[in-house]
Amino acid sequence: VTPLPQPPAALFIPMSYQSQGMTLAAFASPDPGDGQRHPVMVWLTGGDSNTLDNFWHEGSAQNDQSASAFRKAGMVMVFPTLRGGNTNPGAREYFWGEVDDVVAAIAQAARLPYADPQRIYLGGHSTGGTLALLTATTGVALRGVFAFGPVAEVTDYPLPVRWPQLDAQERRLRSPLHWLHAIAAPTWIIEGAQAPGNRRSLETLCAAPRSGQVHCALMAGLDHFSVLQPSTRTLAAQLVMGQ
């Protein structure tokens with residue numbers, strides 16, 4: 001069990017939320033105290049997306065997974081943990097029940113008294129990007145979704161799951177490729193054009209039947225990690241301006 005991290009209180013405070021009868025942990029930006037309602041970015045980390053560790057530490061330009069550009073631009077940020085992660089109840093379901101958790105975390109973020117419920121965004125990187133894309137397919141009300149480096153098929157991940165032994169529908173339900181037509185919110189699939197990365201998945205996703213709300217961006221000269229810092233900085237500046 002990975003204990004919950006303890007970020008500086010000036011950056012993030014605890015925020016619990018309810019999902020399918022479970023109380024799960026999250027962290028949110030504190031109230032800036034200006035009496036305003038601010039746009040919100042709910043961010044899903046890569047790797048073990050169910051678990052948080054030092055999520056607030058800003059990395060190098062080559063690998064900054066903190067998404068700190070959004071909070072630095074004045075957005076409220078929410079980082080949820082998911083079922084089975086950290087000290088949470090439940091068990092990891094690998095891109096199934098976690099989608100319900102993300103929807104619940106979005107709903108709780110919208111209730112923050114300093115959040116603008118009409119300007120809730122969802123973003124994520126790698127496994128978090130895949131989960132963000134799957135969440136977008138549920139039709140949850142969002143101003144926009146930014147999926148960095150997702151996969152098209154969940155079987156692309158070397159997770160502790162024996163994918164061939166699962167029913168084909170179990171794999172299909174967890175794979176964004178098959179559900180892009182259901183996305184209602186403006187959604188961007190973003191990846192670096194250079195290796196390492198999931199360029200092949202982006203190309204597969206973007207060649208598939210999809211909603212007109214789904215857009216693709218293959219970023220020249222960047223890879224799966226270096227794409228994050230310049231892209232999030234550009235997006236943050238646009239989102240706080242209401243674009």
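Let me start inside a helix. Gly-97 is buried, with a relative accessible area of 2%. Gly-97 sits in helix 2. Pro-5 is 92 residues from Gly-97 along the chain, and the two C-alpha atoms are 23 Å apart. One caution before I go on: this is a predicted model.

Now the whole chain. We have 6 helices and 10 strands. Along the principal axes, the C-alpha atoms fill a box of roughly 50 × 40 × 30 Å.

How much of the chain is buried? Of the 243 residues, 51% count as buried. The exposed surface comes to about 10,500 Å². Carbon and sulfur atoms supply 52% of that surface. Then the contacts. Take those between residues at least 6 apart in sequence: 74% of them join residues at least 24 apart.

Back to helix 2, and its partner. Two packed helices are described by the angle between their axes and the distance between the axes. Helix 2 covers residues 97-110, and helix 3 covers residues 127-136. Their axes come within 9 Å and cross at roughly 75°. That makes helix 2 roughly perpendicular to helix 3.

Which residues meet there? From helix 2, we have Glu-98, Val-99, Val-102, Val-103 and Ile-106. From helix 3, we have Leu-131, Leu-134 and Thr-135. By class, the contact has 6 nonpolar, 1 polar and 1 charged residues.

Stay with helix 3. Is helix 3 enclosed or open? Of its 10 residues, 10 are buried, so helix 3 is largely enclosed by the rest of the structure. The buried set includes Gly-128, Gly-129, Leu-133 and Ala-136. Leu-131, Leu-134 and Thr-135 are among the buried residues too, and these three meet helix 2.

Next, the backbone. Most residues other than glycine have a negative phi, and most peptide bonds are trans.

First place: Asn-86. Asn-86 is not a glycine, yet its phi is positive, about 45°. Asn-86 lies in the loop between strand 6, residues 76-80, and helix 2. At 6% relative accessibility, Asn-86 counts as buried.

Ser-126 is in the loop between strand 7, residues 115-125, and helix 3. Ser-126 counts as buried at 15% relative accessibility, because the cut-off is under 20%.

Pro-196 belongs to the loop between strand 9, residues 187-192, and helix 5, residues 199-207.

Which residue touches both Ser-126 and Pro-196? His-224 does. His-224 is in the loop between strand 10, residues 214-219, and helix 6, residues 228-240. With 6% relative accessibility, His-224 counts as buried. Leaving out residues up to four places away in sequence, His-224 also touches His-125, Gly-149, Glu-191, Gln-194, Gly-197 and Asn-198.

To recap. Helix 2 and helix 3 cross at roughly 75°. Helix 3 is largely enclosed by the rest of the structure.

Note on methods. Residues are numbered from 1 along each chain as its sequence is written. This is a predicted model: local features need pLDDT of at least 70, side-chain atom pairs count only at pLDDT 80 or more; totals for chains, interfaces and linings use all residues. Side-chain values use heavy atoms; hydrogens and water are left out. Axes are lines fitted to C-alpha atoms, for helices over the stretch in contact, and angles run from 0 to 180 degrees between N-to-C directions. Helices (H or I, at least four residues) and strands (E, at least two) are DSSP runs, numbered from the N terminus. Angles under 35 degrees count as roughly parallel, over 145 as roughly antiparallel, 65 to 115 as roughly perpendicular and the rest as oblique. Contact means heavy atoms within 4.5 Å. Ala, Val, Leu, Ile, Met, Phe, Trp, Tyr, Cys and Pro count as nonpolar, Asp, Glu, Lys and Arg as charged, and the others, Gly among them, as polar. Buried means under 20% relative accessible area, exposed over 50%, partly exposed in between (1.4 Å probe, protein chains only). Accessible areas come from the Shrake-Rupley method with a 1.4 Å probe; for residues, only the protein chains shown count as cover.
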